[in-house]
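Please read along with the model in view.

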Amino acid sequence: SSVRMVTLRKQYAVARPVYSEDSLAEDHNKVYRQNKTIVDHMREYLTWDLKRAKNSAVSLLPIISWMRTYSVREWLLGDVVSGISTGMVAIMQGLAFSLLASLPPSYGLYTAFFPMLTYFFLGTSRHISVGSFPVLSLMVGAVVTRLVPEVGPPANITGFEDLTQEQQRVLVASSVTFLMGIFQLAMGILQVGFIVVYLSDTLVSGFTTAAAIHILVSQLKFVLGLTVPGISGPLSIIYTLKEIFDQITSTNICDLVMSIAIMMVVFIVKELNDKYKAKLPVPIPIETVIACGVSYGFNFQTRYDIDVVGKMVSGYESPIAPNVEVFQESAVEAFPIAIVGFAVAFSVAKVYSIKHDYTIDGNQELIAFGVSNIFGASFRSFAASTALSRTAVQESSGGKTQIAGLISAAMAMIVTLALGFLLEPLPTSVLGALVIVNLKGMLVQFREIPYLWIRDKPECVVWVGTCLGAILLGLDLGLVVGLGVELLTVVYRTQFPRCSVLANIPGTDLYKDRKDYTHISEIPGVKIFRIPSPIFFANIEFFRDKLVETVGFNPLRVLRKRNKALRKINKRLQKKEDDVTARGPEELFGTTDGSSMNVDGQERPSDLKDLPFRVDWRAELPVDVTVPRVDLHSLILDFSAVSFLDISALKGLKAALKEFIRVDVEVYIVSCDECILEKLHSCRFFDEEILTSMFFPTLHDATLHVLDRSKDRSRGWVVSYLNGQSWRKEVRFRIRLPLEETSERSLSLCC
């Protein structure tokens, strides 16, 4: 069958001249494009017409595009069912995640309501469920506990006067959220949605896993029924665990038993939901069922002295202005909160947009979340993003558009306005247990460590570095550490790329790494060197070192040795009174007046340009004249993977090429990008030594050119040492004159 496969393969044959970049430009007209200036871009951006206005309106209000195609008959029922199911989950998660933000549970319902109202009009994702997210809640909670600690006086902020501790905490949380929204809105207006690309999947995975550890530790005090003050800052997780273990003997057994039982039940039901999701019309809302059952089935507060949700805020209060002093105190934390909130929401939205075949706009998502958080913060809600578990419920239960999200927000409104009293007897340990159960998806990410270690060790370092940094230093500093580690891995990959020596697969125009194939052919005297990364200031020296390592000699050292040898030969010959040739030995072997140094500061070969011959350095030399042997006559540099060159690299590349050219190694550069070629021309890269004829469009063109040149390599003038092991013996040189002259002269020197 393998033979049949070979015979069935299509063949292609191309007959064309061997092209260099110069000859290609001669045979085929090239279009020289005029790049737009900044003024041109500004003029185009400021030009306004009806079509542009229409596109801008649709871009700023994505609801226009999907509402026009909304199918009431096919989609409305699914959206309603999805909205009710998601609303139940959003209510319970809002209550539970507000504990992470160190706020009263009722404010979690605000976060499930207000941000959704604006995202409905401005968001481009049709499936994500906007509301609280545990990681953001915890990051906001760290600021809240720092500025308004449970024990001790609050921070010296003017706006805290005449406010209770609860009101102070709500003011801090809403102000941080407002500032977070400003950051997101500003990034959206400035069109920097691309910033999310710096948060790789590996980094986000390590970061959310660390957040899950923080969340787990923060909920232990509710599950165990302990009074542990909120601690923020580096090593806060260590201090919190110390406090918990110091009080472990005071554990409320009722809280602990109830939490364990609820976690087991919820975990089992969630697993069943996942297993039978194809058969279930909607997932079983187990959190809501348990919450209502525990609230009304038992009277735990009076019987076992456990903490409950308590008085729920009924209705909505008037808007409040953010506190500017809180802005100043929390700006460092608000920015990473804004980045993490957007990154999580965008990554979840991208998954479902691909699944359902529609596009999302990163910059518009930033604007949508920025406005949503600013609007929500004005009504006392805290940081909003999305939660994967809640979004999965919204999508899997039939949600097609954000009408499902609007209905889920309406359910949160109903509970806030009329049904809040139903949740007042709910123990906080139950909310803590629900939070912990929802961490399963983030905690199982630990399984990625062995997978990454086997397949991509730098990525594994990013995961572990981000996770450890976020666990020990806190989520805000941990994110900075993760970004630093990630950028270091990028620098490592580009600064130390895996360079290779290519060789030809016989009978083809294909060139592969010589280490990867058994039957592969290297051309004698030719090296093909490939660098698979941009060449810039940080890796130009690495590139030059690798090049020297590949060819097996340092061209600058060889050049200096040759010049020294020429001076030595010339000095010996000058001692002889015999006139070796009519032109004289100085002209035969070069001068010794120090002309080996050029004005550019580089070593240059001794000046032999006026002579009709040259020394063959590949021949055998006298014993006391030691010059490193260079068997290489051609060096081909494959630039197919070089995406850019900066000025520093350009200077270093030029110096490296000249070093090889000056030791009689012909250098060729192949598959160079047009932008790089234009930059080389604009930066005056070419001179009398480095010529445009050195550049070839393909590797095979350059190789054929080298093979053609090697056929004629013996032509021309050559001076080679033929006999003699010591200058004390007779030294015979053969001078080959131009091919037109058939006579051959021999000369003998006795030194």
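This is a predicted model: local features need pLDDT of at least 70, side-chain atom pairs count only at pLDDT 80 or more; totals for chains, interfaces and linings use all residues.

**A cut-off to begin with.** I call a residue buried under 20% relative accessible area, exposed over 50%, and partly exposed in between. Arg-530 comes out at 25% relative accessibility, so I put it down as partly exposed.

**The chain as a whole.** I counted 30 helices and eleven strands in the protein chain. Of its 751 residues, 49% are buried. I then looked at contacts with a separation of 6 or more: 78% of them are between residues 24 or more positions apart. The chain exposes about 38000 Å², and carbon and sulfur atoms supply 60% of that area.

**The sheet.** In which order do the six strands of the open sheet run? I read β4-β3-β5-β6-β7-β8, with mixed pairing. The edges are β4 (511-513) and β8 (695-696), each of which pairs on one side only. A reminder to myself: strands of a sheet pair through backbone hydrogen bonds, either parallel or antiparallel.

I checked one pairing of each sense. Strand β3, residues 500-504, pairs with β4 in the antiparallel sense over three bridges, and I found Asn-504 bridged to Tyr-511 in β4. Strand β6 (residues 634-638) runs parallel to β7, and five bridges join them. There, Ser-634 stands opposite Glu-666 of β7. I also looked at how covered β7 (residues 666-670) is: four of its five residues are buried, so the strand is largely enclosed by the rest of the structure.

My count came to 21 salt bridges. I followed Arg-530 first, which forms one with Asp-638, the closest N and O atoms being 3.6 Å apart. Arg-530 sits in strand β5 (residues 526-530) and Asp-638 in strand β6, so this pair ties together parts 108 residues apart in sequence. While Arg-530 is partly exposed, Asp-638 is buried, with a relative accessible area of 6%.

Asp-513 makes a salt bridge with Arg-498, and their closest N and O atoms are 3.1 Å apart. This pair links distant parts of the chain: Asp-513 is in β4, and Arg-498 is 15 residues away in the loop between α24 (475-495) and β3.

I stayed with the loop between α29 (674-682) and β8, where Phe-685 lies. Phe-685 is at 0% relative accessibility, so I noted it as buried. What does Phe-685 touch, beyond residues up to four places away in sequence? I listed Leu-650, Leu-653, Lys-654, Leu-657, Leu-680, Ile-690 and Phe-695.

Asp-687 forms a salt bridge with Lys-658, the closest N and O atoms being 2.7 Å apart. Here too the pair links distant parts of the chain, with Lys-658 in helix α28 (residues 647-661) and Asp-687 in the loop between α29 and β8, 29 residues apart. Lys-658 has a relative accessible area of 7%, so I marked it buried. Both belong to a network of salt bridges that links Lys-654, Lys-658, Arg-662, Asp-687 and Glu-689.

**A buried glutamine.** I moved to helix α6 (residues 72-100) to look up Gln-93. At 3% relative accessibility, Gln-93 is buried. Its side chain makes a polar contact of 2.7 Å with that of Arg-390. Leaving aside neighbours within four places in sequence, I found Gln-93 in contact with Ser-132, Ala-387, Ser-389, Arg-390 and Asn-438.

**A nonpolar patch.** Last, I turned to the surface. Leu-235, Ile-238, Tyr-239, Leu-468, Leu-472, Leu-473 and Leu-477 form a nonpolar patch there, with about 590 Å² of accessible area together. The elements giving it two or more residues are α12 (236-246) and α23 (457-473). The largest share, three residues, comes from α23.

How values were computed. Residues are numbered from 1 along each chain as its sequence is written. Side-chain values use heavy atoms; hydrogens and water are left out. Two strands pair if DSSP finds at least two bridges between them. Buried means under 20% relative accessible area, exposed over 50%, partly exposed in between (1.4 Å probe, protein chains only). A polar contact is a pair of N or O atoms within 3.5 Å; within protein, one must be able to donate a hydrogen and the other to accept it, and residues adjacent in sequence count only if both atoms are side-chain atoms. Contact means heavy atoms within 4.5 Å. Accessible areas come from the Shrake-Rupley method with a 1.4 Å probe; for residues, only the protein chains shown count as cover. Patches are made of residues with over 30% relative accessible area and no salt bridge: like charges are joined within 9 Å, nonpolar side chains (Val, Leu, Ile, Met, Phe, Trp, Tyr) within 5 Å. A salt bridge is a side-chain nitrogen of Lys or Arg within 4 Å of a carboxyl oxygen of Asp or Glu.
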